[in-house]
Amino acid sequence: MTDDEGSSVIEFLGLSLVLLVPLVYLVLVLGRIEAATFAAEGAAREAARTYVIADRADEGTERAVAAVGIALRDQGFDDDPAEALTLTCSTTPCLAPGSDVAARIDVRVPLPFVPGFVRDVVPLEVPVSAERVAPVDTYRATR
């Protein structure tokens with residue numbers, strides 16, 4: 001008998017721990033980034049669509065912000081929808097027939113399990129953004 005008996009089990013457990021912990025963390029991070037991508041894409045699409053069907057620009061902005069809030073909360077993000085949304089119009093007035101409205105969503109995904117005091121010193125966030133353009137109906141009635 002040698003003194004190495006049983007050490008392979010300890011080595012296996014140690015190596016598994018060293019390899020599995022970073023792998024699980026990577027899966028968590030990629031899952032949150034994918035959720036942010038889904039949220040940003042859906043929010044941009046719905047914000048642009050709800051804006052162009054509104055009767056007035058201020059009503060369209062309210063609807064777009066509400067749509068962004070729903071899309072972000074659906075994927076578990078607490079970002080302020082009014083700050084995440086940027087609307088850009090191709091013409092003035094914004095809802096002129098035949099014009100385009102672009103909705104851009106910017107979401108920041110914090111890395112999981114990083115304490116707040118570390119985030120204050122080093123920015124440990126992944127920016128995710130999406131943009132969609134929706135046309136205003138050419139035959140829209142002007143008011």
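Predicted model: local features only at pLDDT ≥ 70, side-chain atom pairs only at ≥ 80, totals over all residues.
1. Arg32 is placed over the face of Phe77, 4.2 Å from the ring centre. A charge is counted as over a ring when NZ of Lys or CZ of Arg is within 6 Å of the ring centre and within 35 degrees of the ring normal.

2. Residues are numbered from 1 along each chain as its sequence is written, and side-chain values use heavy atoms, with hydrogens and water left out.

3. An open sheet is formed by 3 strands in the order β1-β2-β3, with antiparallel pairing. The strands β1 and β3 (125-135) are at the edges with a single partner strand each, so one side of each has no neighbour in the sheet. On average, neighbouring strands of this sheet are turned by 15 degrees against each other, direction ignored. Strands (E, at least two residues) and helices (H or I, at least four residues) are DSSP runs numbered from the N terminus; two strands pair if DSSP finds at least two bridges between them.

4. The strand pairings can be described individually. Strand β1 is joined to β2 (residues 100-110) by 5 bridges; Thr86 stands opposite Arg104 in β2, and Leu87 has Ala103 of β2 as its bridge partner. Between β2 and β3 there are 11 bridges, and Arg108 has Pro127 in β3 as its bridge partner.

5. Val109 belongs to strand β2. Val109 is buried, at a relative accessible area of 2%; buried means under 20%, exposed over 50% and partly exposed in between, with a 1.4 Å probe and protein chains only. Contact here means heavy atoms within 4.5 Å.

6. Leu85 is found in strand β1 (residues 85-89) and is buried, with a relative accessible area of 10%. Apart from neighbours within four places in sequence, the contacts of Leu85 include Ala47, Ala64, Val65 and Val68, as well as Ala103, Arg104 and Ile105.

7. Helix α1 (residues 7-52) lies across β1, β2 and β3 and runs at about 25 degrees to β3. Helix α2 (residues 57-74) packs on the sheet, where β1 and β2 are touched, and the direction of α2 makes about 140 degrees with that of β1. Axes are lines fitted to C-alpha atoms, for helices over the stretch in contact, and angles run from 0 to 180 degrees between N-to-C directions.

8. A search of the whole structure gives 1 disulfide, a term that covers cysteine sulfur atoms within 2.5 Å of each other. The disulfide is formed by Cys89 and Cys94, with sulfur atoms 1.4 Å apart. The link of Cys89 and Cys94 is left-handed, with -60 degrees about the S-S bond. Cys89 counts as partly exposed at 29% relative accessibility, whereas Cys94 counts as buried at 12%.
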